[in-house]
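Reader: I would like to go through this model by way of a few questions, starting with its pockets and moving on to its chains. Please end each reply on the value or name I ask for.

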Amino acid sequence: MADNVKPRVRVPRSAVAGEAFEIKTLISHKMESGARKDSDGNTIPRSIIHHFSCDFNGENVIQAALEGAISTNPYIQFEASIEESGTFTFTWQDDDGSEYTDSKDITVG
Amino acid sequence: MQFTRRDTLVMGAGAAVATFMPLQVFADATEDASAEFAMGEAITDGGVELTAPEIAENGNTVPISVNAPGAVAVLILATGNPAPKVIGFNFGPRAGGQTASTRCRLAGTQDIVALAKMADGSVKRTSATVKVTIGGCGG
């Protein structure tokens with residue numbers, strides 16, 4: 001398992017119903033692409049976060065399928081629009097099977 | 001050893017094939033990924049906005065963003081990378097707009113392609129050229 005994986009999410013505290021707002025996510029991860037070789041010429045095995053999803057009160061906002069071409073500490077920014085107060089949940093899935101989650105509350109009004 | 005005219009020609013042709021082969025392979029991989037995403041639909045140009053820097057000094061983190069109003073899914077491909085797929089987005093019912101940004105690795109100067117699948121099943125395409133000063137594949 002990758003060390004020191006720490007998700008960071010920025011969501012506004014409040015929003016206007018039906019109006020789109022920005023969400024920024026960053027997770028610290030080395031994102032080893034599987035294409036690099038070490039000093040002995042052996043291929044370094046791939047170890048990346050391959051899936052990200054964001055849900056609001058159980059409804060999906062966005063899903064992303066990440067590949068080896070995504071930079072270290074993958075950053076994803078997107079927009080959401082909601083009608084009621086609730087909780088955003090963020091999930092990252094690692095190649096090694098571990099899952100990292102974060103959640104943020106938001107109020108409408 | 002003496003080179004005959006025939007030997008020289010064969011060697012020249014071999015060198016030319018060896019030089020252009022990797023490019024051809026990458027292009028095919030991009031085609032395959034596009035076809036897989038389009039699922040038999042014709043791909044038309046326009047209708048997607050792809051924002052990428054003209055010149056990226058560091059190929060390890062190149063900021064890219066895509067805006068595809070009305071899309072349900074977006075796929076970003078780097079045509080010059082050993083593996084062309086960069087990221088695929090699927091927009092859910094709570095998405096505020098069909099727009100997303102991320103940072104990617106680019107092996108060298110190349111075209112980035114964004115494909116968007118619209119709600120009616122049609123597939124739109126756009127591309128942008130990025131000049132990369134230092135490649136990001138750690139070669």
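Reader: Which residues lie nearest the centre of the largest pocket?

Author: This is a predicted model. The lining of the largest pocket consists of 20 residues, and the pocket has a volume of about 310 Å³. Nearest its centre are A:Ser33, A:Ala35, A:Gly68, A:Ala69 and B:Arg105.

Reader: Which residues of chain B lose the most area to chain A?

Author: Contact here means heavy atoms within 4.5 Å, and 26 residues of chain B are in contact with 31 residues of chain A. The two chains bury about 2300 Å² between them, with 49% of it on carbon and sulfur atoms. On the chain B side, 36% of what is buried comes from three residues together: B:Arg94, B:Arg103 and B:Arg105.

Reader: How far apart are the closest N and O atoms of B:Arg94 and A:Glu59?

Author: The structure holds six salt bridges over all chains. One pair crosses between chains, from B:Arg94 in the loop between E6 and E7 of chain B to A:Glu59 in strand E5 (residues 59–66) of chain A. Across the interface of chain B and chain A the rule finds two salt bridges. For the salt bridge of B:Arg94 with A:Glu59, the closest N and O atoms are separated by 2.9 Å.

Reader: Which element gives the largest share of the side of chain B that touches chain A?

Author: Across the interface of chain B and chain A, 19 residue pairs are in polar contact. Two elements of chain B give two or more residues to the side that touches chain A, namely strand E6 (85–91) and strand E7 (95–104). By class, that side has ten nonpolar, twelve polar and four charged residues. Its largest share, nine residues, comes from E7(B).

Reader: What pattern does chain A follow along the sequence?

Author: The C-alpha trace of chain A spans about 60 × 20 × 20 Å along its principal axes. Chain A has zero helices and eight strands. Read along the sequence, the pattern is β-β-β-β-β-β-β-β.

Methods: Residues are numbered from 1 along each chain as its sequence is written. Chains are lettered from A and ligands numbered from 1 in the order in which they are written. This is a predicted model: local features need pLDDT of at least 70, side-chain atom pairs count only at pLDDT 80 or more; totals for chains, interfaces and linings use all residues. Side-chain values use heavy atoms; hydrogens and water are left out. On a 1 Å grid over the protein atoms alone, a cavity is a set of points where a 1.4 Å probe fits but cannot get out, and a pocket is an open set with protein on both sides within 12 Å along at least five of seven lines; lining residues have an atom within 4 Å of a point. Grid points are joined across faces, edges and corners, and a volume is the space filled by probe spheres set on the points. Buried area is the accessible area (1.4 Å probe) that two parts lose on being put together, summed over both. A salt bridge is a side-chain nitrogen of Lys or Arg within 4 Å of a carboxyl oxygen of Asp or Glu. A polar contact is a pair of N or O atoms within 3.5 Å; within protein, one must be able to donate a hydrogen and the other to accept it, and residues adjacent in sequence count only if both atoms are side-chain atoms. Helices (H or I, at least four residues) and strands (E, at least two) are DSSP runs, numbered from the N terminus. Ala, Val, Leu, Ile, Met, Phe, Trp, Tyr, Cys and Pro count as nonpolar, Asp, Glu, Lys and Arg as charged, and the others, Gly among them, as polar.
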